[in-house]
Amino acid sequence: MGTPSNGDSRPDREGLPDLPAEWGTIVVPDDPSELAAEAAQVRRELRQRRRAVRQRTGPDRTAGRFEPASLRIPLLIVSLAVLAALTSLIAVIWQGQRQSDDNPATGGGGAAPTATLPAVDLVGPDGGPVPVHGLLPAVLVLVRDCACDAQIQAVAAGAPAEVTVVPVGGRPPSVAPAPGGAAVRPLADPDARLDTFVDGLAAGEPGPTMLLVAASGRIVRVLPATTAVEAYRADLALLASR
């Protein structure tokens with residue numbers, strides 16, 4: 001049996017204040033197991049309260065395994081902002097890469113105002129017209145009355161078989177056949193239309209010029225004809241696929 005908290009047998013509280021009167025008589029059992037039923041009831045009530053709180057505010061995340069529900073929306077906004085910034089950055093880099101690819105490298109290091117070879121009809125040894133776009137991919141060597149046989153043969157030897165090496169002059173240049181490599185097709189440009197086009201394309205000292213033109217008609221590079229083949233061998237290998 002329990003002992004009343006306010007009975008005569010209660011030990012001296014040594015000046016401690018009494019419990020509130022509205023609590024009534026409090027009985028402390030001699031055997032703690034007599035409180036098991038009340039303890040179970042209290043635990044059930046606490047569980048019910050926690051369940052009701054979770055239903056209103058979401059799962060209990062005070063253990064740190066998840067972010068509080070109040071942070072979901074700010075984190076979502078920050079994530080979307082970062083994603084948008086990355087997308088914009090990638091778009092800018094991609095656009096810059098496209099512009100770099102569309103502008104051929106020139107001998108003087110400047111960007112060309114256009115990247116497409118004009119539709120010009122050259123003249124063959126028999127006097128007949130030869131559309132230059134029908135020869136692509138090609139390396140056009142504007143010899144400008146210079147002796148460029150050795151350079152033309154070096155280009156033909158270093159170019160793939162599907163690339164045509166086209167020496168161009170006021171009349172079809174006389175070029176010795178190249179042993180192996182790409183085909184060599186000497187043609188004439190009596191009106192110097194390609195010379196005029198290149199003079200506006202790449203400012204620099206006058207002289208023999210070489211144009212690397214892809215199958216699509218895009219001018220990949222503009223170089224002095226005296227440039228060593230090793231400097232543009234990789235471009236030669238890719239002309240047919242561009």
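Analyst: D235 is a buried residue, its relative accessible area being 14%; here buried means under 20% relative accessible area, exposed over 50%, and partly exposed in between, with a 1.4 Å probe and protein chains only. The model is a predicted one, in which local features need pLDDT of at least 70 and side-chain atom pairs count only at pLDDT 80 or more, while totals for chains, interfaces and linings use all residues. Residues are numbered from 1 along each chain as its sequence is written, and side-chain values use heavy atoms, with hydrogens and water left out.

The partner of D235 is R221, and the closest N and O atoms of this salt bridge are 3.1 Å apart. A salt bridge requires a side-chain nitrogen of Lys or Arg within 4 Å of a carboxyl oxygen of Asp or Glu. R221 belongs to strand β10 (residues 219-224) and D235 to helix α5 (residues 233-238), so the pair ties together parts 14 residues apart in sequence. Both elements are DSSP runs numbered from the N terminus (helices: H or I, at least four residues; strands: E, at least two). R221 is partly exposed, at 21% relative accessibility, whereas D235 is buried.

The search of the whole structure gives 2 salt bridges. R233 and E230 also form one, with 2.6 Å between the closest N and O atoms. In this pair, R233 is partly exposed at 34% relative accessibility, and E230 is exposed with a relative accessible area of 59%.
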